[in-house]
Amino acid sequence: MVSLANVKPRVAALLGCLWLSACASRSSLPAPQTAEPAQPANVADGPRPPKNRAQAANSATEPPLDDSGDSEGEADSDTEATDEHGESEPVSEPTTGASRPHPLDGWSDEKIEQAVETNLTSLGPMSVGTPNAGALVNGVQAKASELYTLVSPGEAWGTQETIDYLNAAVQTVHDEFPDTPPLALGDIGARHGGHLKPHISHQAGRDLDISFYYRDGTKWYARGTRENLDFPRLWAFVRAIIAKTDIDLILLDQGLHGPLKEYALSIGEDPDWVAQIFPGKGSLRPIIRHAPGHDTHLHLRFFNPIAQETARRAYPALVRHKLVSAPEQYVLHKAKKNETLGMIAKKYGSSVRAIREANGLRSNLIHDQVSYRVPVTGGVRILRTERVRIPARRVPPPRKEPVRQSLASTR
Ligand SMILES: [Zn+2]
């Protein structure tokens with residue numbers, strides 16, 4: 001296990017780059033041409049299904065979920081300036097926020113090593129690696145409350161920061177709108193993070209899926225529309241996430257960007273600020289981004305100034321003490337003419353048996369131009385060598401005198 005984590009980071013970095021067109025183009029490593037982000041193989045293996053079938057809407061026909069955050073070919077926010085490529089930051093990155101105090105400030109590496117060895121929990125939650133190739137140490141399980149119900153308690157493990165940020169944002173909606181029903185909280189992550197079917201991300205305790213607010217009662221996985229969404233509450237939620245937390249990105253189907261933006265402007269939000277939040281005219285990387293399959297829920301990814309930095313400091317000790325396992329990752333490989341499973345296995349350092357199992361193949365027979373999932377043990381990807389720095393929050397300017405709310409359902 002130690003050797004995996006020590007030897008494989010280059011492989012993991014390469015695999016990470018496969019999700020990132022920007023990264024692949026600047027990488028000196030030879031990136032396989034046909035590999036692309038893995039998608040779950042079939043619909044039955046799609047996004048976390050509603051637990052309550054009576055409340056299910058569209059679940060059987062939902063496409064597999066690409067929640068990597070890389071679907072628009074933008075650089076992963078975990079891989080810029082401080083990564084091993086040493087490239088300068090993309091111009092669209094927001095400015096880095098002020099350095100904040102951290103619980104391990106003043107700790108020597110020896111002291112951290114000793115804590116890892118003798119009192120791991122004293123270090124608190126750690127978000128190790130990246131959302132698409134990571135692990136969670138000392139995770140915290142979300143608890144159902146008046147703020148939200150849990151769809152999958154077993155997959156509701158994240159960092160304390162992630163859960164605190166979520167609670168703060170939902171509480172803001174409750175403060176503004178009494179009698180707000182609970183949201184439905186879908187997956188955060190597995191107890192120790194790592195790969196969680198059917199997601200690509202959700203590996204490092206910083207991602208979560210949560211329902212919309214609906215005008216006709218909270219449902220899980222109901223397709224949101226201009227008609228059924230409760231825009232006042234939904235916008236209050238999104239606004240609080242942006243104003244009060246270290247949000248990295250919010251994945252939302254582009255079909256819902258327009259109605260949400262219209263609502264925000266209708267209540268007097270600053271147009272320039274709004275333009276920086278949504279894709280389009282802004283000069284900064286947008287926070288709200290399109291990803292297929294996100295017309296049924298919001299996917300939130302937070303930065304964790306504490307848990308990411310703790311993980312960075314403790315990583316060598318975590319590896320030495322075999323506390324970081326190597327998560328399973330997949331790449332999609334489109335078979336070429338005369339290519340065999342053995343050749344594909346060799347190319348990715350996988351095995352014929354593993355590829356057969358991942359694709360439910362009963363023989364070694366494969367077909368050219370068909371894409372196969374290739375499981376690769378990549379190890380947790382740690383690229384940072386410097387202190388974790390989090391972008392400055394984009395706090396909204398005060399609202400102007402509200403225009404009458406055209407989409408308001410309550411208030
Ligand atoms: Zn998600």
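**Exercise 1.** What covers the buried residues of α7?

*Solution.* Before we start: this is a predicted model, where local features need pLDDT of at least 70, side-chain atom pairs count only at pLDDT 80 or more, and totals for chains, interfaces and linings use all residues. Residues are numbered from 1 along each chain as its sequence is written.

Step 1: find the helix. Helices are DSSP runs (H or I, at least four residues) numbered from the N terminus, and α7 spans residues 257-266.

Step 2: pick out its buried residues, those with 20 or more other C-beta atoms within 10 Å of their own, the C-beta atoms being placed from the backbone. In α7 these are Leu260, Tyr263 and Ala264. They lie on the same side of α7, because they cover an arc of only 100° around the axis, taken from the directions from the helix axis to the C-beta atoms.

Step 3: look for the cover. It includes α6 (231-244) and α8 (271-277), with contact meaning C-beta atoms within 7 Å.

**Exercise 2.** At roughly what angle do the axes of α5 and α6 cross?

*Solution.* Step 1: take the axes as lines fitted to C-alpha atoms over the stretch in contact, with angles from 0 to 180 degrees between N-to-C directions. Those of α5 (residues 160-176) and α6 cross at roughly 135° and come within 8 Å.

Step 2: name the angle. α5 is therefore oblique to α6, since under 35 degrees is roughly parallel, over 145 roughly antiparallel, 65 to 115 roughly perpendicular and the rest oblique.

Terms used
A residue is buried if 20 or more other C-beta atoms lie within 10 Å of its own, exposed if 12 or fewer, and partly exposed in between; C-beta atoms are placed from the backbone. Helices (H or I, at least four residues) and strands (E, at least two) are DSSP runs, numbered from the N terminus. Two residues are in contact if their C-beta atoms, placed from the backbone, lie within 7 Å.
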